[in-house]
Structures are given as structure tokens and as C-alpha cells.
Amino acid sequence: MNPDKRAARMAGVLPLLLFLLLNLGMIALLLDSGYVSAEATKEAFAAMREYLRRNHASAPPRALAVIDYSRPSFMKRMAIIDLKTGRQSFYRVAHGKNSGELFARRFSNTPESNMSSLGLFRVGARYSGDHGLALRLDGLDSLRNGNAAKRDIVLHKAGYVSIPFILLNVVTGYGPMIGRSNGCFVISGGDIVEVVKKLAGGGFIYAWATPDDNFRK
């Protein structure tokens with residue numbers, strides 16, 4: 001075949017391949033029902049129970065959110081567990097921009113680090129801030145997240161946690177990742193009301209990573 005004709009044919013095929021890949025990617029993302037590892041869940045419950053043992057609570061906690069940072073950011077890697085029924089709901093959640101790109105690999109409790117922190121957080125009051133509806137958080141681990149309030153680490157929403165943003169990153173060569181935060185737990189705008197309802201007024205969040213990724217600064 002003439003090289004010019006071959007190049008022209010390839011130029012015509014590439015947009016079709018890209019279209020098919022994007023649609024297959026969209027289908028895969030829509031079908032993601034969410035998952036967190038058994039190890040992450042076990043550590044989260046152990047940390048919450050130890051905190052409750054040491055600190056008398058006026059009422060039993062309503063929910064525990066487990067974030068599994070061993071999973072890539074485009075997956076639903078945050079599970080909210082209803083502690084009364086055991087029912088689980090899954091959501092996408094962003095990590096800090098200096099914690100990594102597709103995966104969160106580095107973690108910090110240091111102000112201005114722009115990294116995510118690990119460990120157990122107690123959910124505080126809901127409020128309306130720069131990002132709209134959000135939740136304040138108290139870091140309960142002095143070494144890993146005790147500076148959460150000083151760092152203004154909260155749970156809020158952003159448009160960069162979305163399937164369109166993932167596909168935009170694929171097209172522009174950044175890979176299938178959502179956007180990243182300054183260290184906050186950031187979820188989709190479409191999920192914020194539901195997540196706040198589940199966690200506010202007696203919830204905990206536990207952020208987990210594998211031992212190999214559990215690097216702290």
C-alpha cells in the first residue's frame with residue numbers, strides 16, 4: 001500500500017479508536033460499584049473502637065468511612081459503612097496533589113505539605129464554605145493527622161471528582177485520574193449531600209494505605 005494512503009487511513013481510524021476507548025472507559029467507570037480492602041476495613045474498625053474505649057461517647061457512632069488509598073483515584077475507594085445496618089455505600093475521593101498522581105504514595109501531617117493524612121478522623125460540624133456544603137474534621141492521631149484543624153483539612157466537593165474530568169485527563173495524556181486536593185478529602189458534587197447526611201452528627205473517617213505506601217513526612 002502507498003505510504004501516503006496508509007497514513008491517511010490511519011489518520012481516519014485513530015479518532016474512531018479513541019471514541020471507542022473513551023466509551024469503553026465510560027462504561028467501566030459507570031459499572032464500578034466500589035471496593036475497599038478487608039485489611040483497610042479491619043484497621044479502621046480497630047482504630048475507631050480503641051478511640052471509643054478511651055473516650056466516652058454520649059451516643060454510639062452512626063457511620064464509619066474507610067478510604068483505601070491503595071486503589072487508583074478513578075475508582076470508588078471510599079466506603080461509608082452504616083454502623084447500625086452494616087450497609088455500605090461507595091464514592092470516589094481525591095488525595096493531595098503532593099501525595100501522588102494516579103495513586104497516593106506519600107502522606108504528611110505537616111502544614112503546607114499539600115499531602116493527604118492517614119489515620120482516624122472524627123467528623124465535626126457541617127458548614128458552608130468556599131466549596132459549598134462541607135464537613136469539618138478532627139484528626140485523632142497526633143503523629144499522622146493531629147494537625148488536621150491547623151491545616152484546614154475538611155471534606156468538601158469539587159468538579160474535578162467526576163467521570164468527565166477522568167476522561168479529560170485520559171484525552172490530554174494525564175491518565176485516568178481525578179483531580180487532586182491540597183490535602184482535603186474531596187468528593188463529587190453529586191455525592192456531597194448524601195455523604196454529609198451519612199457522616200454528620202456522629203461519624204468517623206479512616207484513611208488507610210498499604211505499609212509500602214505508608215510514607216510520612
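**Close-ups of a predicted model**

View 1. Arg 54 and Glu 50 sit 4 residues apart in helix 2, about one turn of the helix; helices here are DSSP runs of H or I, at least four residues, and strands are runs of E, at least two, numbered from the N terminus. This is a predicted model, where local features need pLDDT of at least 70, side-chain atom pairs count only at pLDDT 80 or more, and totals for chains, interfaces and linings use all residues. Residues are numbered from 1 along each chain as its sequence is written, and side-chain values use heavy atoms, with hydrogens and water left out. Arg 54 makes a salt bridge with Glu 50, closest N and O atoms 2.5 Å apart (a side-chain nitrogen of Lys or Arg within 4 Å of a carboxyl oxygen of Asp or Glu). Glu 50 also bridges to Arg 53, at 2.8 Å between the closest N and O atoms. Arg 53 is exposed at 59% relative accessible area, while Glu 50 is partly exposed at 30% (buried is under 20%, exposed over 50%, partly exposed in between; 1.4 Å probe, protein chains only).

**View 2. A bridge between strands.** Asp 138 pairs with Arg 122 in a salt bridge, with 3.3 Å between the closest N and O atoms. Asp 138 belongs to strand 6 and Arg 122 to strand 5 (residues 119-129), so to speak distant parts of the chain, 16 residues apart.

**View 3. Arg 144 in its loop.** Arg 144 lies in the loop between strand 6 (132-139) and strand 7 (154-157), and is buried at 17% relative accessible area.
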